[in-house]
Amino acid sequence: MKKMLHLLVTFVLFAGIPAASGEVITLARAVETGLADNPSIEAARSRITQAEETVREAEALWYPTLEASGSYTRNERSDNSLEGFPESDKTQETYSTGLSGQWVLFSGFERKYRTMAARLARKGRRASLEDAQRVLVSAIADTYFSAQLALKNREIAEADRKFNREQLKEAEIKKKVGTGALSDLYNFQIKVNTAETEIESAAYQYKIARAALAALLGISAPMAHLPEPAPLAPEKKEEMVLPDIAVYTDKALARRPDIREGELSLKRAEADIGAAKAAYWPVVSLSGGVSADRTGSATVETDDLAGSVMLGLSYPMFQGGKNQAALYRAMAVKEEAEQTLESLETDIASEVLQEGSKVISFQKQLRLQRENTRLVKKTRDLVESEYRAGQTSLVRLNEAQTELITARGRLALALVNLRQAWSRLKTAAGSTEI
């Protein structure tokens, strides 16, 4: 709910604000900003701090404890109890002070396993942070490419509007000289209006993508502007190389942070089993203390001091099955961690396969769509020349122009789909470098 609200606020603030002319934000810069400022990443860092303090708490169990105490007591005796005693004995003041300490020498290795579990939890939080960063990078890339597509669609629609405006001007001239039809004027005006609608639709989609990108980057109000994404550039040679899905799968299983987090959870569950078994061992502790009690004065003298030292051993004989239940619960947690890790590995392998297959499919689509767009552009130009020469109909020109606009839109979509698939494949393999 908070994320939805943040996105809505960001949209309201940024939707109507144009970016500064010529100012752009690259994908690399967007990723860098998101990793530095996104609130979810900051929250993950805070969880690491919590885990570090938990480790310190567990390590404190290895040290002896020391406690100082003191008290003051004032007693008022009744009149009946004072018979045969001087009046000065009616009020009695007692001062006590003491210093005691305890050191657990052996507790069935509980401290060892508790400390181990805390340290594993800390490593797990760090892995969780890395995985949050991985997921964020993927989301930023998806949104960035979506914003680029919206800008490209706006550019295509503007080109369509320009073409039809030029045709409208020529139709007006022909109408004036008596060689054109009024229906031609209406046709091109409708086409101009349709292009205007597509421009507005693309602008709206860009505003949405831009607002979502601002939220992912952790940009909060007030803000003068958010730079536009860089223009959608043609595909690079390396983007058209077939991915080796087996290699990406091996990388994912070897370096995905969530895999590492799952492995740490399993080890932590094993440590918890060791800690639960510690309840079946005796506890050996060393304790001692120094105390002083004095009546009528707070001044402690040597004669008031008393001390003690004790080596103790305790062994739980019966606790209603509590220790056994704790052990069985820890064993069940370990089994859950094993199954979760196995399921995660299967899901990750499937994710890499799906994203790799998408890359291959979109590579083919992009090749075909680029060739189609080239051919459709040539066809439209030929039909336009024929229409100007009176050799073809207005209907055919409309069809050719519509086919060109559709082809250009599909080409841009295929390119964005390919780049989104590549970014998802890379992040699925555990990388945060797009």
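A residue is called buried if its relative accessible area is under 20%, exposed if over 50%, and partly exposed in between, with a 1.4 Å probe and protein chains only. The structure is a predicted model, in which local features need pLDDT of at least 70 and side-chain atom pairs count only at pLDDT 80 or more, while totals for chains, interfaces and linings use all residues. Residues are numbered from 1 along each chain as its sequence is written, and side-chain values use heavy atoms, without hydrogens and water.

Rings of Phe, Tyr and Trp (its six-membered ring) pair if their centres lie within 6.5 Å; planes under 30 degrees apart are stacked, over 60 edge-to-face, and the rest tilted. The model contains five aromatic pairs by this rule. One of them joins Y144 and F145, which is edge-to-face because the planes stand at 80°, with the ring centres 6.2 Å apart. Y144 is buried, at 3% relative accessibility, and F145 is buried as well, at 7%.

F188 and Y387 form an edge-to-face pair, with 6.3 Å from centre to centre and 70° between the planes. Since F188 belongs to helix α5 (residues 182-216) and Y387 to helix α8 (residues 322-388), the pair ties together parts that are 199 residues apart in sequence. Helices here are DSSP runs (H or I, at least four residues), numbered from the N terminus, as are strands (E, at least two). F188 has 1% relative accessibility and therefore counts as buried; Y387, at 10%, is also buried.

Charged side chains also meet aromatic rings. A charge sits over a ring if NZ of Lys or CZ of Arg is within 6 Å of the ring centre and within 35 degrees of the ring normal. R111 lies over the face of W62, 4.8 Å from the ring centre, and K251 over that of Y248, at 5.4 Å.
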